[in-house]
Amino acid sequence: MAEASGAIEIAGSVAVVTGGASGIGKGIVGALLDQGANVVIADIEESVLAATVVELSTRGDVVGVRTDVSDFDSVDALADEVYDRHGACHLLFNNAGVTSGGGGKPWEQESNDWRWCFGVNVFGVGHGVSAFVPRMIEGGHPGQIVNTSSGDGGFAPVPRASVYASSKAAISCFTEALHHTLVEEGTDLRASVFYPSGGLMPTGLFTAARNRPEELARVRGGTGRSSMSFEQLKEKIEQTGRDVRVVDLDELGRFVVDCVSRRQYIIARDIDDTVELLHRRADAIGRMDVPPHHQLGF
Ligand SMILES: NC(=O)c1ccc[n+]([C@@H]2O[C@H](COP(=O)([O-])OP(=O)(O)OC[C@H]3O[C@@H](n4cnc5c(N)ncnc54)[C@H](O)[C@@H]3O)[C@@H](O)[C@H]2O)c1
């Protein structure tokens with residue numbers, strides 16, 4: 001089994017960030033550019049992608065490729081384009097993600113909620129790995145594959161976000177399997193699993209339905225909690241008298257890139273409460289009991 005190189009050189013590397021046109025991914029793209037990486041943003045939202053590329057191009061070499069991660073051919077074409085342009089990919093961020101749009105009770109989720117959410121969140125990550133990792137292995141350079149999970153599902157479910165939580169549990173599990181296999185195969189590639197954390201994130205996830213394909217629309221209507229914008233959600237929490245800590249997405253991006261350069265497996269901030277929850281979950285499982293779940297508290 002080969003030892004991985006100690007650190008990843010960000011300057012001069014080639015990085016692909018799916019879902020990098022906005023939100024958390026955009027913060028990662030900015031941080032990569034500031035450290036001298038050449039970045040390819042792969043996103044489905046064409047106008048936002050174009051605007052982001054223009055905005056961030058003052059900070060370095062960045063291009064956008066319109067990609068639907070739920071479609072393998074689209075991701076494979078992205079990989080072709082990246083290799084034609086740069087001849088390599090060192091850092092792959094499988095970050096694009098959506099909610100299920102179903103919200104509410106697990107038994108009220110429709111087939112299309114499952115299809116859309118798993119298509120982007122689970123198949124999207126699988127497609128990224130299938131299209132890029134064989135080429136990254138072949139290239140022989142040190143590299144890192146970073147899959148975005150969520151504390152919701154990756155650590156414990158929020159029961160009323162059952163489909164989304166299940167998709168993120170899949171990502172945490174898949175990333176671990178990927179990491180072990182990359183090590184066993186003697187590659188200098190490693191995987192990381194990223195849990196966005198540290199407060200409420202001002203991103204477009206709450207309005208993810210803007211990118212939902214018509215053919216996967218809900219049949220019974222309604223979009224659940226995901227129809228609430230970030231501002232509406234923030235206001236709702238503040239009405240309960242609690243302070244809302246809003247995450248600075250540029251700072252989060254810098255944190256992620258620093259962790260990636262150190263090849264850290266778990267990328268997360270402020271997870272003391274989660275660690276305590278995980279201990280209680282392990283104890284409950286040891287007693288053959290139902291593990292405690294995440295509490296959103298609003
Ligand atoms: N915001 C949070 O609170 C939070 C918490 C934990 C995990 N996450 C995860 O972080 C990641 C980024 O989400 P965000 O919060 O920045 O939301 P966001 O909506 O701001 O960003 C998601 C990006 O993915 C793109 N996208 C959607 N469907 C796509 C598809 N089929 N193909 C390619 N691109 C697609 C969108 O256009 C958007 O640019 C997601 O995986 C999400 O599940 C977010």
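Analyst: A polar contact here is a pair of N or O atoms within 3.5 Å; inside the protein, one atom must be able to donate a hydrogen and the other to accept it, and residues adjacent in sequence count only if both atoms are side-chain atoms. The model is predicted, so local features need pLDDT of at least 70 and side-chain atom pairs count only at pLDDT 80 or more, whereas totals for chains, interfaces and linings use all residues. Residues are numbered from 1 along each chain as its sequence is written, and side-chain values use heavy atoms, with hydrogens and water left out.

A residue is near a molecule or strand if one of its heavy atoms lies within 4 Å of it. There are 27 residues around the ligand, and Ser22, Asp43, Tyr164, Thr203 and Gly204 come nearest.

A backbone N or O atom of isoleucine 24 is 2.8 Å from an oxygen atom of the ligand. A polar backbone atom of isoleucine 44 lies 3.4 Å from a nitrogen atom of the ligand. Glycine 204 has a polar backbone atom 2.8 Å from an oxygen atom of the ligand. Taken alone, the ligand exposes 820 Å², and the protein buries 96% of that. Such accessible areas come from the Shrake-Rupley method with a 1.4 Å probe; for residues, only the protein chains shown count as cover.

Helix 1 and helix 6 (162–184) are the elements that give two or more residues to the shell around the ligand. Helices (H or I, at least four residues) and strands (E, at least two) are DSSP runs, numbered from the N terminus.

Helix 1 covers residues 23–34. The expected span of a helix is 1.5 Å times one less than its number of residues. Buried means under 20% relative accessible area, exposed over 50%, and partly exposed in between (1.4 Å probe, protein chains only). By that rule helix 1 is mostly covered, with 10 of its 12 residues buried. Just after helix 1 comes glycine 36, with a positive phi of about 90°.
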